[in-house]
Amino acid sequence: MSLGRIKQVVACGGGFDTAFFTFFCNHDIKYFDVDLPQVVSRKAATIQQNQPLFSKLKNPQPYKFDQTSRVEKKKQTKKEKKLIKKQKQSSKEATQDVPSPTDASSTPPPDVQERIYFASDNYVLMEADLRDTKELQSLLMSHGFDPKLPTLFFAECVLTYIDHHETSNLIGWTSSFCDESYFLTYEQITPQDSFGHVMLSNLKTRGSPLLGIHAFPSAEAQRQRYFSLGYENPNAVDLNEFWMKFLERSEAQRADRLEQFDEEEEWKTKCGHYMVMWASHGVPKEVVEKLPKSETFKLKDEVNLKVEESTIGDEIFFSQLEIRGKGSVAQRWGHSTVSRGHQIIMYGGYGAGSSENSHGRLNSVALFNLKTLQWSEPLTKGVAPAARVFHSGNFYENSMIIFGGRQGPENPLNDIFILNLDTLTWHTPAVQ
């Protein structure tokens with residue numbers, strides 16, 4: 001992989017990401033690692049105690065090895081103070097042979113020094129709040145950041161956890177502050193369907209709500225966002241498209257060999273809720289033409305939102321219906337359907353069914369009334385088939401016949417169930 005013109009990298013909320021040590025350290029770039037105090041202090045200790053990591057730094061100046069930040073010091077419990085004291089002792093023992101700056105002139109001012117954990121010719125680790133771009137800019141400039149150099153900003157599952165007004169301010173700042181900037185991000189999208197509801201609920205329960213996802217819920221919305229904030233060439237795809245179209249085949253094959261998924265379709269559903277976004281600003285035309293591109297997108301005032309009818313001959317046409325009722329029961333895939341009179345009967349598949357707080361294989365029946373355009377989920381009698389996907393469904397006389405399908409990639413089914421549509425009763429025939 002080549003970095004091309006890029007000379008600086010800013011990791012926005014990189015956490016314990018090892019990108020610098022596994023890749024960027026082998027290139028002629030300067031890497032700025034930015035995160036919150038409680039994350040940076042732990043990362044600094046890890047680097048300090050690990051000689052293979054520390055050896056990647058060119059001319060390191062370890063300004064600060066205190067395991068606490070200014071904020072943390074105000075909120076420490078007795079247990080935390082005891083742990084920090086132990087960490088300090090470990091850090092001291094691990095760095096007895098680590099060089100430290102002796103020239104007072106090389107030490108940054110106190111207000112900056114408090115935020116810097118490592119400074120070197122190729123790597124700077126600093127604590128900063130991404131919502132405060134003024135402070136962030138000051139910290140970067142104090143350690144050799146050059147806004148005239150081509151710079152890559154990247155954030156992995158960071159921006160959606162912050163209010164969208166504040167992250168838009170950050171994105172807009174990156175395009176206005178730097179002459180030539182690139183932005184790469186990996187974030188959650190699609191909060192509105194059943195899988196999205198479960199994703200949001202789980203993260204909220206863990207104390208990490210996605211504060212910014214609803215303002216820009218799709219890859220297209222994100223492309224429009226970056227364009228409005230100064231990036232001339234925004235691109236965004238979900239992980240399924242990224243895997244198929246942009247990931248090098250050798251890397252895809254390597255990942256495939258690591259472990260076989262128990263449920264590939266479930267994995268693809270999850271990948272549909274994450275996107276990769278890349279954009280550039282101030283980049284020469286000949287460079288832009290070489291950058292990977294997602295499908296061409298239209299600006300908002302060019303998008304035609306009207307549902308068009310497509311006709312074949314004089315009799316067949318397609319149109320989008322306005323559905324009423326609890327449509328979540330129909331949000332599934334791998335199901336079967338049959339029609340009877342003015343009803344469509346659907347069974348099984350993978351989705352949320354009537355619950356917005358769970359997501360998996362289903363064994364429920366849903367009815368769609370073609371007259372009222374409403375969904376319903378009736379109760380059935382008898383012993384229902386096990387939940388499954390990719391089964392067949394056929395209509396015979398007054399019944400829906402279900403055959404086969406699978407409960408997992410290595411668990412195919414070979415059974416038959418019959419649903420009497422008059423009584424909504426399941427029974428299993430004696431097969432010879």
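Visitor: How many residues line the second largest pocket, and which of them lie nearest its centre?

Guide: Rolling a probe the size of a water molecule over the atoms shows where empty space is left. In this predicted model, 18 residues line the second largest pocket, and Asp35, Leu36, Leu130, Val158 and Ile162 lie nearest its centre. The elements that contribute two or more residues to that lining are β2 (30-35) and α2 (37-49). The volume of the second largest pocket is about 400 Å³.

Visitor: Into which classes do the residues of the lining divide?

Guide: The lining of the second largest pocket comprises 10 nonpolar, three polar and five charged residues.

Visitor: Which residues of the largest nonpolar core touch the most other members?

Guide: A nonpolar core joins buried residues through side-chain atoms within 4.5 Å. Here the largest nonpolar core has 33 residues, of which Met126, Leu136, Phe145, Phe153, Leu159 and Tyr226 touch the most other members. Helix α8 (residues 164-177) gives the most to this core, namely four residues. Another core lies apart from it, with 25 residues, including Phe21, Ala44, Phe54 and Tyr117.

Visitor: Which residues does Phe153 touch, leaving aside those up to four places away in sequence?

Guide: Among them are Val10, Cys12, Phe145, Trp173, Tyr182 and Leu184.

Visitor: Is Phe24 buried or exposed?

Guide: Phe24 has a relative accessible area of 9% and therefore counts as buried, the limit being under 20%. Phe24 belongs to the loop between α1 (19-22) and β2. Its C-alpha atom is separated by 8.7 Å from that of Val9, 15 residues apart along the chain.

Note on methods. Residues numbered from 1 in each chain as written. Predicted model: local features only at pLDDT ≥ 70, side-chain atom pairs only at ≥ 80, totals over all residues. Heavy atoms only, no water. 1 Å grid on protein atoms, 1.4 Å probe; cavity = no way out; pocket = protein on both sides within 12 Å on 5 of 7 lines; lining within 4 Å. Points joined across faces, edges and corners; volume = space filled by probe spheres on them. Nonpolar A, V, L, I, M, F, W, Y, C, P; charged D, E, K, R; others polar. Buried < 20%, exposed > 50% of the residue type's maximum accessible area, 1.4 Å probe, protein only. Contact = heavy atoms within 4.5 Å.
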